[in-house]
Structures are given as C-alpha cells and as structure tokens.
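Here are some notes to go with your first look at this structure. Keep the view open and step through the points in order.

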Amino acid sequence: MQTDLMQRLAAVSAQLKVPQAYQSYGRLLRINGLTLTVSGGRLSLGQRCQVEGRGQWFDAEVIGFDEDKAFLMPLAAVSGLYAGARVRQIDNSAAVPVGECLMGRVVDGLMRPLDDLGPLQAPTQILQQAHLGPMQRRGVEQPLDVGIRALNGLFTVGKGQRLGLFAGSGVGKSKLLGMLTRYTAADVVIVGLVGERGWEVRDFIENALGEQGLKKAIVVAAPADHSPLLRMRSAELSHQLASYFRDQGKNVLLLMDSLTRYAQAQREIGLSLGEPPATKGYPPSVFTKLTSLVESSGNSAHSRGTMTAIYTVLAEGDDAQDPIVDSARAILDGHIVLVRALAEKGHYPAIDIGASISRVMPQIVDDKQLQACYRLKKLYSRYLEVQELIPLGAYQEGEDPELDLAVKLYPKMEAFLCQGLYEQVSYQQSQQQLMELINEVAR
C-alpha cells in the first residue's frame with residue numbers, strides 16, 4: 001500500500017513544473033511585408049516566439065537585429081496583429097518524433113503531420129544540424145543501384161555522393177525523382193518538397209512516389225504558399241532526418257526538390273532584412289546557406305551508414321548560367337542535365353549525356369565499365385554532329401568510319417538511354433547491356 005502511494009506521488013511530482021518568477025514580453029512596433037519589428041523581450045537570433053493577435057498567438061522566429069530592435073518572421077499566415085501586441089518567447093529546443101515508424105508519413109517543416117493519419121507515434125528527440133568537418137567525412141567507395149539504366153551505366157552514383165538534377169520546368173524532374181525513390185537500393189528515403197505548388201505535392205506522392213515508394217519514404221513538404229522561413233526549415237529538417245538515419249547505420253537516400261526554391265526562400269528573408277542584392281537579386285547569404293546545407297550531407301567517419309543526396313536545380317528559362325545553377329554545379333559531386341529538346345521528342349529520361357558527369361564514378365567502377373562509358377559518349381557526340389544533316393541528304397557514308405559507326409548504332413544507343421517510367425533496370429543489368437552495346441563496336 002505504501003509502495004503504491006509512493007509511486008503515485010512520484011508520478012504526480014514528475015508532472016509538476018516550477019512556475020516562472022516572471023514572463024518577459026516584447027512589443028510589436030511595425031509590420032513591413034513579412035517582417036515584424038519588435039522592441040524588448042530579450043530575444044536572441046533563431047529564438048522561437050509567439051506574437052499576440054486578436055484572440056490567438058502566432059508562431060514566429062527571430063531572423064535579425066538592428067540595435068535594440070529584433071526582426072521576426074511568422075512561420076504561417078497571420079491576421080489580427082496590432083501595434084503594441086505582446087511578443088513572448090517559447091521553448092526553442094522542442095524535441096520532435098523520429099524513428100522508423102515515420103515511414104510513409106508526410107510532415108511539414110515543424111514535424112506536424114499533413115497526411116490526416118493521426119499524430120506521429122514515435123519517440124521524441126532533439127535533432128541537430130550535423131556539420132561534418134573535412135576529417136570527419138568518409139569517402140564514397142561503393143556504387144549505389146538507382147534502378148535507372150543511363151545513370152547506373154554512364155553516371156554511376158556512389159553511396160554518399162551529392163548529385164544535382166539540372167533542368168528547366170516540365171522536362172521530367174519529378175518523374176525521375178519518383179523513379180529514384182521507387183527503385184534505389186536504399187533502406188530509407190527522405191523526400192524534401194520545398195516551394196512546390198500545393199497540388200504538385202499530392203500528385204508527386206500519389207503518382208510519382210506511389211504506394212511502393214511511399215512505404216520506405218518520409219516526405220517533408222513546404223508548398224509555395226508557406227512562409228519562406230518554413231520552406232527553409234523543411235529543407236533543413238530533411239537533412240536532419242537523413243543524418244539521423246545515417247547515424248543509425250542505414251543507407252539513406254535524400255531527394256530534395258528543389259535547391260532553387262530553398263535559395264529563393266533565403267533571398268526573400270535576406271532582402272527583407274536589407275541585404276544588398278548581389279547577383280540577379282540574390283544577396284550574399286544565399287550562397288553561404290546553399291553551401292552549408294549541401295555540406296551537411298554525405299558520409300560520416302563515425303557511422304557505417306551512408307547518406308546519398310540528390311538535389312533538383314531549376315534552371316529558370318533553361319539558363320545554364322543562372323547563379324544558383326552555377327553555384328550548385330561547383331559544390332556538388334556531379335550533375336545530371338535534363339534538356340527540353342530530348343523531352344519534346346519523347347526521350348525519357350531526357351539526359352544530356354554530353355553535359356552530365358558523375359565526379360565519383362572513376363573511383364567506384366572498374367576500368368572496363370569506365371572505358372565503355374567513354375566510348376559510348378564519344379559515339380553519341382559524333383552522331384549529334386551530323387544529326388541535322390541526315391534528313392537533308394547531306395551526310396555521305398564512307399568518308400569517316402567512326403562517324404558511320406555512330407550513325408549505325410544510334411538507334412541502339414537511344415534505346416539504351418531511354419527507359420519506361422515503371423521499368424526498373426538493376427546495376428548489374430545496366431553494366432551487362434552497356435558492355436553488349438560496346439561489344440558491337442568491336443565487331
């Protein structure tokens with residue numbers, strides 16, 4: 001009896017919290033676009049706060065200072081704010097649910113469910129953004145089977161590589177991401193949908209991912225109508241989740257669509273704080289944030305798990321010299337370029353094999369496959385030299401044996417590079433088909 005009473009007292013005591021001696025409030029001074037100017041409250045950079053409206057409190061975060069004034073940005077749409085409204089601090093180190101039971105769930109940047117499947121039933125933990133030093137990284141040593149013949153054969157992806165998918169709008173990025181999610185040999189897939197239109201999020205989950213892909217995936221979504229701060233938090237949460245599962249010894253694939261929308265969200269925040277636009281309207285902080293985000297992915301020397309990251313990069317107006325495209329190309333370990341001309345011909349995936357490269361491929365495949373890859377690329381590029389001349393009858397066979405061979409083999413090369421949306425080709429099959437194609441050259 002006494003033991004039972006003591007246990008009940010201990011349980012009740014554990015639920016008691018010591019009340020604060022006082023509550024410090026700031027005051028809302030001004031609203032300028034999405035930026036709230038606040039005075040007082042002892043706020044710190046990155047501090048989560050709540051701003052009083054008429055009848056409710058709205059979540060916000062501190063993004064900057066000017067002398068004794070703090071600048072806040074709301075995490076969601078706000079209404080009913082007024083001059084002099086109170087601003088209070090809230091717990092900044094809230095733990096979030098994380099675990100394998102999150103597979104198949106769709107959440108936002110604050111780890112709130114978006115799929116109407118109820119609360120997240122997982123142990124809570126405080127996730128930290130993992131920044132690996134150069135000597136804390138483990139190299140890329142093994143190929144990763146992504147189930148796509150052109151990538152497996154010509155642009156082999158390694159476990160722990162950071163790869164970019166560069167393309168304009170409407171050339172098949174989302175379809176290719178869906179194939180990667182369904183067919184990649186990974187234990188866990190984290191999908192970050194940042195800045196997409198609302199209907200595209202559901203369309204990607206139902207059609208591109210499908211039931212098969214969603215079973216091993218966690219989707220973190222922040223559509224275009226979410227605040228820029230929440231869009232950034234979604235991208236960072238995707239990396240934190242991927243790092244967590246990597247450190248649990250899992251082979252993780254992180255897919256983020258898109259890196260450009262992340263940069264645009266930071267541009268909105270930077271410009272609202274008065275940063276000068278440097279390149280095409282992007283302030284300097286954008287490029288710092290991009291590098292920091294990408295560098296948080298990859299393999300860790302302290303874990304047997306791997307973390308492969310694939311980012312889509314939107315080339316606005318198909319401009320290959322867009323500053324975000326140029327910056328991403330420099331900090332990633334390879335890039336796959338999708339071109340509109342191939343997509344318009346029904347060539348999917350629409351990969352420009354001449355403009356694409358995997359920087360880690362030479363160190364993870366054997367010399368035989370590497371030489372076959374180079375040979376196929378050369379023959380394909382030779383064919384492109386006379387592609388427009390053939391319908392006009394201006395191409396004369398017999399003058400260049402290598403060019404004749406390229407023209408003869410083009411239908412088989414095109415068949416090798418094309419793949420159906422629901423067709424899976426393993427890494428071994430890709431190697432075998434590549435060698436069979438190249439062996440015809442030697443005959």
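1. Start with the cysteines. A disulfide here is a pair of cysteine sulfur atoms within 2.5 Å. On that basis, searching the whole structure turns up zero disulfides. Bear in mind throughout that this is a predicted model.

2. Are Cys-49 and Cys-373 buried or exposed? Anything under 20% relative accessible area counts as buried. Cys-49 has 0% relative accessibility, so it counts as buried. Cys-373 comes out at 1%, so it is buried too.

3. Now zoom out. The protein chain has 443 residues, and 51% of them count as buried. Its C-alpha atoms fill a box of roughly 90 × 60 × 40 Å along the principal axes. In secondary structure, the tally is 13 helices and 18 strands.

4. How is the chain divided? There are three pieces to look for: domain 1 covers 24–89, domain 2 runs over 96–365, and domain 3 takes in 369–440. The centres of domain 1 and domain 3, taken over C-alpha atoms, are 60 Å apart.

5. Have a look at helix α5, residues 228–247. With 20 residues, α5 reaches 29 Å from its first C-alpha to its last, close to the 28 Å expected at 1.5 Å a residue. The helix is mostly covered, with 18 of its 20 residues buried. Just after α5 comes Gly-249, which takes a positive phi of about 90 degrees.

6. Helix α6 (residues 259–272) is worth a visit as well. Its 14 residues reach 20 Å between the first and last C-alpha, close to the expected 20 Å. Buried residues of α6 include Leu-259, Tyr-262, Ile-269 and Gly-270.

7. What about enclosed space? The structure holds one cavity of 30 Å³ or more. About 40 Å³ of space lies in the largest cavity. Among the residues lining it are Leu-144, Lys-159, Ala-185 and Ala-186, along with Thr-306 and Thr-308.

8. β15 gives the largest share, three residues. By class, the lining of the largest cavity splits into five nonpolar, three polar and one charged.

9. Finally, find the second largest pocket, which holds about 500 Å³ of space. It is lined by 22 residues, and the closest to its centre are Lys-173, Ser-174, Glu-196, Arg-197 and Glu-200. Helices α3 (173–183) and α4 (198–214) each contribute at least two lining residues. The largest share, seven residues, comes from α4. The lining of this pocket has seven nonpolar, seven polar and eight charged residues.

Terms used: Residues are numbered from 1 along each chain as its sequence is written. This is a predicted model: local features need pLDDT of at least 70, side-chain atom pairs count only at pLDDT 80 or more; totals for chains, interfaces and linings use all residues. Side-chain values use heavy atoms; hydrogens and water are left out. Buried means under 20% relative accessible area, exposed over 50%, partly exposed in between (1.4 Å probe, protein chains only). Domain bounds come from an automatic or database domain assignment. Helices (H or I, at least four residues) and strands (E, at least two) are DSSP runs, numbered from the N terminus. The expected span of a helix is 1.5 Å times one less than its number of residues. On a 1 Å grid over the protein atoms alone, a cavity is a set of points where a 1.4 Å probe fits but cannot get out, and a pocket is an open set with protein on both sides within 12 Å along at least five of seven lines; lining residues have an atom within 4 Å of a point. Grid points are joined across faces, edges and corners, and a volume is the space filled by probe spheres set on the points. Ala, Val, Leu, Ile, Met, Phe, Trp, Tyr, Cys and Pro count as nonpolar, Asp, Glu, Lys and Arg as charged, and the others, Gly among them, as polar.
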